[in-house]
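Dear colleague,

I am passing on the structure below, and my notes on what was found in it follow. Please read them with the structure open beside you.

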Amino acid sequence: MKQARRVSFSTIDPRLGDTSYRPMLSVRLARQERSIVVEGLLDTGATVNVMPYHLGLALGARWEEQQVVVHLSGNLAQLEARALLVLATVEPFAPVTQAFAWTQSTDVPLILGQVNFFQAFDVCFFRSELAFEIRSIRAFQ
């Protein structure tokens, strides 16, 4: 049986009341010899994972070396993005490779979307409880 981890929603701005809660997840991103722990927004409506520019730089990525262009849609359609592969760890699960649309914008959060976060993890939202549960699709390790 796969083990689940339960996580409480985060409050972005307490002055906004109930509209302030977001499903944010702490994740360790690693690339080459660098790693960072960041909060990512779980977004089931996002087609792809999105990474802001400063996080890619913190992982040692160089914009000009990323050759695969990614076309974003929706609110982010005007932003140029490049593909960036990183190793992502959500405790207590095993690390998984994640593909990100790395954008030069610093105004976007780290977004965990359908390709490929939700291909690696099942997530069940309990909005009335301000929580979600996450399970690795791979067997718990």
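The largest nonpolar core has 29 residues, and those with the most contacts inside it are Leu 25, Leu 29, Met 51, Val 90, Leu 110, Phe 117 and Phe 121. A nonpolar core is here a set of buried Ala, Val, Leu, Ile, Met, Phe, Trp, Tyr and Cys residues joined through side-chain atoms within 4.5 Å, where buried means under 20% relative accessible area, exposed over 50% and partly exposed in between, with a 1.4 Å probe and protein chains only. At least two residues of this core come from each of strand S4 (24-31), strand S5 (34-42), strand S8 (80-89), S9, strand S10 (110-112), helix H2 (117-120) and strand S12 (131-136); helices (H or I, at least four residues) and strands (E, at least two) are DSSP runs, numbered from the N terminus. A second, separate core of 10 residues includes Val 50, Ala 81, Ala 101 and Ile 111.

As to provenance, this is a predicted model, in which local features need pLDDT of at least 70 and side-chain atom pairs count only at pLDDT 80 or more, whereas totals for chains, interfaces and linings use all residues. Residues are numbered from 1 along each chain as its sequence is written, and side-chain values use heavy atoms, with hydrogens and water left out.

The whole structure holds eight aromatic pairs, a pair being rings of Phe, Tyr and Trp (its six-membered ring) whose centres lie within 6.5 Å, counted as stacked with planes under 30 degrees apart, edge-to-face over 60 and tilted for the rest. One of them joins Phe 117 and Phe 118 edge-to-face, at 5.5 Å centre to centre and with 90° between the planes, and both of these residues are buried.

Thr 103, in strand S9 (residues 96-103), counts as buried because its relative accessibility is 1%. Its side chain reaches the backbone oxygen of Glu 80 at 3.2 Å, and among its contacts beyond four places in sequence are Val 50, Met 51, Trp 63 and Val 108.

Strand S11 (residues 121-126) and S12 pair in the antiparallel sense over six bridges, pairing requiring at least two DSSP bridges between two strands, and Phe 125 stands opposite Phe 132 in S12. Their hairpin has four residues between the strands, and there Leu 130 takes a positive phi near 50°, although Leu 130 is not a glycine; at 23% relative accessibility, Leu 130 counts as partly exposed.

The peptide bond from Glu 91 to Pro 92 is cis, with omega near 10°, and Pro 92 lies in the loop between S8 and S9. The bond from Val 115 to Asn 116 is also a cis peptide bond, with omega near 0°, and Asn 116 lies in the loop between S10 and H2.

With best regards

Key. A polar contact is a pair of N or O atoms within 3.5 Å; within protein, one must be able to donate a hydrogen and the other to accept it, and residues adjacent in sequence count only if both atoms are side-chain atoms. Contact means heavy atoms within 4.5 Å.
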